[in-house]
Amino acid sequence: MKKLIMAMLIAVSMVPTISAQDNNRQRMTPQQRTEQRIQKLDEKLSLTDNQKSQIRDLYADFYKQKYPKEKRKEAMEKLITDIAAVLTSDQQVLYKQLQEEAAAERRKHAPKN
């Protein structure tokens with residue numbers, strides 16, 4: 001009986017810990033995702049303030065739309081092309097490498113059929 005009560009106390013005491021972890025995993029807003037992506041691009045590509053502003057606008061337009069699942073990939077490809085157009089030729093080379101690395105990472109974690 002004592003073991004059962006002890007086990008229940010341990011289980012109940014862990015519930016707040018598990019809940020707190022779930023709260024830390026809240027979804028980011030589109031603005032938060034945009035700022036995170038711009039920050040990462042700035043670290044890799046040394047963006048100018050004008051480039052950051054233009055990319056921020058491109059992401060804002062992208063997130064305003066509600067693309068159906070079958071159109072989302074096409075819209076994402078357009079976004080990537082539009083962002084590349086804002087960059088200098090040297091930055092475009094690095095940006096393409098970043099996109100290729102990200103695609104390879106997604107493929108690595110994709111479920112296998």
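Mentor: Let's start with helix 4: at 1.5 Å a residue, its 18 residues should span 26 Å, and the end C-alpha atoms are 27 Å apart, so the two values agree. Bear in mind that this is a predicted model.

Trainee: Okay, and what makes residues in helix 4 count as buried?
Mentor: The cut-off is under 20% relative accessible area. In helix 4, A75, L79, I83, A84 and V86 are buried, so each of them falls under that cut-off.

Trainee: What covers the buried residues of helix 4?
Mentor: The cover includes helix 3 and helix 5, which runs 89-109.

Trainee: Why is a group of residues called a nonpolar core?
Mentor: Its members must be buried, come from a set list such as Leu, Ile and Tyr, and be joined through side-chain atoms within 4.5 Å. The largest one here has 16 residues, and L47, I55, I83 and Y95 have the most contacts inside it. Helix 2 (30-45), helix 3 (49-64) and helix 4 (69-86) each supply at least two residues of this core. As a rule, nonpolar side chains in soluble globular proteins tend to be buried together.

Trainee: Which residues is L47 in contact with, leaving aside neighbours within four places in sequence?
Mentor: I38, L41, D42, K52, I55, L87 and Q91. Contact means heavy atoms within 4.5 Å, so each of those residues meets that limit with L47.

Trainee: And how do you know what pattern the protein follows?
Mentor: There are five helices and zero strands, so reading along the sequence gives α-α-α-α-α.

Terms used
Residues numbered from 1 in each chain as written. Predicted model: local features only at pLDDT ≥ 70, side-chain atom pairs only at ≥ 80, totals over all residues. Heavy atoms only, no water. Helix = DSSP H or I, 4+ residues; strand = E, 2+ residues; numbered from the N terminus. Buried < 20%, exposed > 50% of the residue type's maximum accessible area, 1.4 Å probe, protein only. Expected span 1.5 Å × (residues − 1).
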